[in-house]
Amino acid sequence: MSGQTDMVLVNKKGVRIDGRKTDEHRPVHIEAGVLSNADGSAYLEIGKNKVLAAVYGPRECHPRHLQDPTKAIIQCKYNMQAFSVSDRKRPGPDRRSIEISKIIAEALEKVVLTELYPRASIDVYIEILQANAGTRCAGLTAASVALADAGIPMRDIVPAIAAGKADGHVLLDLNKEEDNYGQADVPLAIVPSTDEIVLLQMDGNMTREEFDKALDMAFGACHDLYEIQKAALKTKYAATKGGEEDE
């Protein structure tokens with residue numbers, strides 16, 4: 001975040017460059033069960049972000065030295081495709097993708113009932129097909145739907161979204177320009193049934209009042225996302241049930 005730009009990100013009426021209000025998230029579309037060869041999968045669009053998540057398992061954990069005799073481990077691989085950004089990204093894992101893979105796995109471990117599958121591995125793959133800020137939150141939101149689609153027992157589904165600050169305004173769900181030139185970014189993921197926080201990071205600077213306002217915005221948006229996640233799963237299984245009845 002450079003925090004330096006001549007671009008007006010929020011005008012005097014509180015309208016952002018993409019037409020949203022300060023407390024409005026980007027349009028969201030989620031589909032469950034989009035990959036027939038995965039145990040569970042999901043496709044998500046939020047704004048210009050396009051994300052695909054696939055889940056395989058629970059299955060025997062390899063390499064074996066990673067096995068835990070008391071529970072399953074969640075192995076997550078977050079990857080941005082080389083064509084996902086305008087400046088072509090070097091293929092393969094980098095420090096950022098390794099870090100995001102780790103925090104997504106840790107967030108999912110809070111809700112998956114891993115104790116039911118000792119010595120197993122639940123493998124989560126997240127592919128960013130198009131990136132426009134907020135991809136870690138989009139990836140976690142999609143992965144959570146994919147886990148539910150796989151029928152893996154969970155305490156709840158996890159929605160995630162970021163709030164932040166740009167042009168001196170506290171904003172919900174920053175887009176690329178706001179993220180690049182803003183003053184702060186605060187990704188958040190929660191367990192909606194308890195409002196437990198399973199992911200919270202901060203990049204940049206905010207006052208305590210601004211931080212509290214950003215959290216309130218993000219909490220509300222997470223609950224909105226949660227309803228969209230559940231609707232995607234209901235739509236998939238309603239279609240599946242209807243197809244079975246027609247046979």
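The largest cavity holds about 70 Å³ of space. Of the 13 residues that line this cavity, the closest to its centre are Ile46, Gly134, Cys137, Ala138 and Ala160. The model is predicted. It has 1 cavity of 30 Å³ or more.

Three elements each give at least two residues to the lining of the largest cavity: β2 (40–46), α2 and β6 (160–166). By class, that lining has 8 nonpolar, 3 polar and 2 charged residues.

The largest pocket has a volume of about 530 Å³. Its lining counts 25 residues, and the closest to the pocket centre are Arg96, Ala133, Gly134, Thr135 and Asp179. Elements that supply two or more lining residues are α2, α3 (176–181) and β8 (184–191). Here the classes come to 10 nonpolar, 6 polar and 9 charged residues.

## Helix α2

Helix α2 covers residues 135–149.

Is α2 enclosed or open? Of its 15 residues, 14 are buried, so the rest of the structure largely encloses this helix. Buried here means under 20% relative accessible area. Glycine 151 follows α2, and its phi is positive, near 75 degrees.

## Methionine 80 and threonine 135

Strand β4 (residues 73–80) contains methionine 80. This residue has 10% relative accessibility, so it counts as buried. Methionine 80 and threonine 135 are 55 residues apart in sequence. In space, their C-alpha atoms are 9.0 Å apart.

## The aromatic pair

How many aromatic pairs does the count give? It comes to 1 aromatic pair. The partners are tyrosine 56 and tyrosine 125, in an edge-to-face arrangement. Their ring centres are 5.9 Å apart, with 75 degrees between the planes.

Tyrosine 56 lies in strand β3 (residues 49–60) and tyrosine 125 in strand β5 (residues 120–130), so the pair ties together parts that are 69 residues apart in sequence.

## The overall fold

The protein has 4 helices and 10 strands. From the N terminus on, the order is β-β-β-β-α-β-α-β-β-α-β-β-β-α.

Along its principal axes, the C-alpha trace spans about 55 × 45 × 40 Å. For 247 residues, a compact globule would have a radius of gyration near 18 Å. The protein has 18 Å, so it agrees with that value. Of the 247 residues, 48% count as buried.

How values were computed. Residues are numbered from 1 along each chain as its sequence is written. This is a predicted model: local features need pLDDT of at least 70, side-chain atom pairs count only at pLDDT 80 or more; totals for chains, interfaces and linings use all residues. Side-chain values use heavy atoms; hydrogens and water are left out. The expected span of a helix is 1.5 Å times one less than its number of residues. Buried means under 20% relative accessible area, exposed over 50%, partly exposed in between (1.4 Å probe, protein chains only). On a 1 Å grid over the protein atoms alone, a cavity is a set of points where a 1.4 Å probe fits but cannot get out, and a pocket is an open set with protein on both sides within 12 Å along at least five of seven lines; lining residues have an atom within 4 Å of a point. Grid points are joined across faces, edges and corners, and a volume is the space filled by probe spheres set on the points. Ala, Val, Leu, Ile, Met, Phe, Trp, Tyr, Cys and Pro count as nonpolar, Asp, Glu, Lys and Arg as charged, and the others, Gly among them, as polar. Rings of Phe, Tyr and Trp (its six-membered ring) pair if their centres lie within 6.5 Å; planes under 30 degrees apart count as stacked, over 60 as edge-to-face and the rest as tilted. The radius of gyration is taken over C-alpha atoms; the globule rule is 2.2 Å times the number of residues to the power 0.38.
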